[in-house]
Amino acid sequence: MLELGCGKGEYTVGLAREFQNKNFIGVDIKGARIWKGAKASLEEKLANVAFLRTRIEVIEAFFAPNEISEIWITFPDPQMKSGRAKKRLTSARFLTRYQQFLLNQGLIHLKTDSKFFYEYTLEVVKYNKLELIKNTSNLYNEHWTDSILSIQTHYEKLHIDEGDSINYISFKLNNQQLLKEPTFQNGE
Ligand SMILES: C[S@@+](CC[C@H](N)C(=O)[O-])C[C@H]1O[C@@H](n2cnc3c(N)ncnc32)[C@H](O)[C@@H]1O
């Protein structure tokens, strides 16, 4: 499993603790942040955690086809300015990168404080007729019992402290499909 833009790696380490028979890799460009997750996993002697310091723009260079079964995207930069759609981690351009190493019908999870990014991702999923598994614009109002949803990252805690609601969406990615970017009213 991969966590993209993992920061200090709370999701990577949290899931690794819970599922010791699976491997978890946190990816981020900032070494000082992933150092925290690496230190925690070494101290706990978690043998199923790794971190990769790279730009997500070249992520497909690191993995073979079908090597990854799930991707978590946790509190990414929503890239709200018009013309930035192709920089969003759930854009057709990024999903096409993930198709190169994700199992067919592999799961993608997104947690975000950004209503804009949540709605944008829902639009990409619907436009491409991808299989939506779960979605909510207020995760902690749902009382879902899935333990994997209860892990909180550094940014998630900051947003919760500010009273923001947390958006969540999970969907499956067909790795054979040609993906397209929806056209929005602002011309993006
Ligand atoms: C808002 S922070 C969220 C960090 C963490 N997921 C959390 O929830 O606390 C976004 C993270 O994505 C990383 N990031 C942003 N763009 C990236 C890129 N193109 N490649 C790799 N990492 C990136 C940043 O370094 C940062 O740690």
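In the predicted model, Leu2 stands opposite Ile25 of strand β2. The two strands concerned, β1 (residues 2-4) and β2 (residues 24-28), pair in the parallel sense, with 3 bridges between them. Both belong to an open sheet of 7 strands, in which the order is β3-β2-β1-β4-β5-β7-β6 and the pairing is mixed. The edge positions are taken by β3 (49-53) and β6 (131-136); each has a single partner strand, so one side of each lacks a neighbour in the sheet. From one strand to the next the twist averages 15°. Helix α3 (residues 92-99) packs on this sheet, where it touches β4 (68-74), β5 (102-112) and β7 (167-173). The direction of α3 makes about 50° with that of β7.

Strand β7 is joined to β5 by 7 bridges, and the two run antiparallel. Within this pairing, Leu110 has Ile169 of β7 as its bridge partner. Strands β6 and β7 also run antiparallel, joined by 5 bridges; here Thr136 is partnered by Tyr168 of β7. Of the 7 residues of β7, 6 are buried, so the strand is largely enclosed by the rest of the structure.

The largest nonpolar core comprises 39 residues. Leu2, Leu4, Val27, Ile71, Ile73 and Tyr98 have the most contacts inside this core. The element that gives the most to the core is helix α4 (residues 115-127), with 5 residues.

Over the whole protein, the secondary structure comes to 5 helices and 7 strands. Along the sequence these elements follow the pattern β-α-β-α-β-β-α-β-α-β-α-β. Among contacts between residues at least 6 apart in sequence, 79% join residues at least 24 apart. Buried residues account for 36% of the 188 residues.

The overall dimensions were also computed. The C-alpha trace spans about 50 × 40 × 30 Å along its principal axes. The radius of gyration is 16 Å, which agrees with the value near 16 Å for a compact globule of 188 residues.

Conventions:
Residues are numbered from 1 along each chain as its sequence is written. This is a predicted model: local features need pLDDT of at least 70, side-chain atom pairs count only at pLDDT 80 or more; totals for chains, interfaces and linings use all residues. A nonpolar core is a set of buried Ala, Val, Leu, Ile, Met, Phe, Trp, Tyr and Cys residues joined through C-beta atoms within 7 Å. A residue is buried if 20 or more other C-beta atoms lie within 10 Å of its own, exposed if 12 or fewer, and partly exposed in between; C-beta atoms are placed from the backbone. Helices (H or I, at least four residues) and strands (E, at least two) are DSSP runs, numbered from the N terminus. Two strands pair if DSSP finds at least two bridges between them. Axes are lines fitted to C-alpha atoms, for helices over the stretch in contact, and angles run from 0 to 180 degrees between N-to-C directions. Two residues are in contact if their C-beta atoms, placed from the backbone, lie within 7 Å. The radius of gyration is taken over C-alpha atoms; the globule rule is 2.2 Å times the number of residues to the power 0.38.
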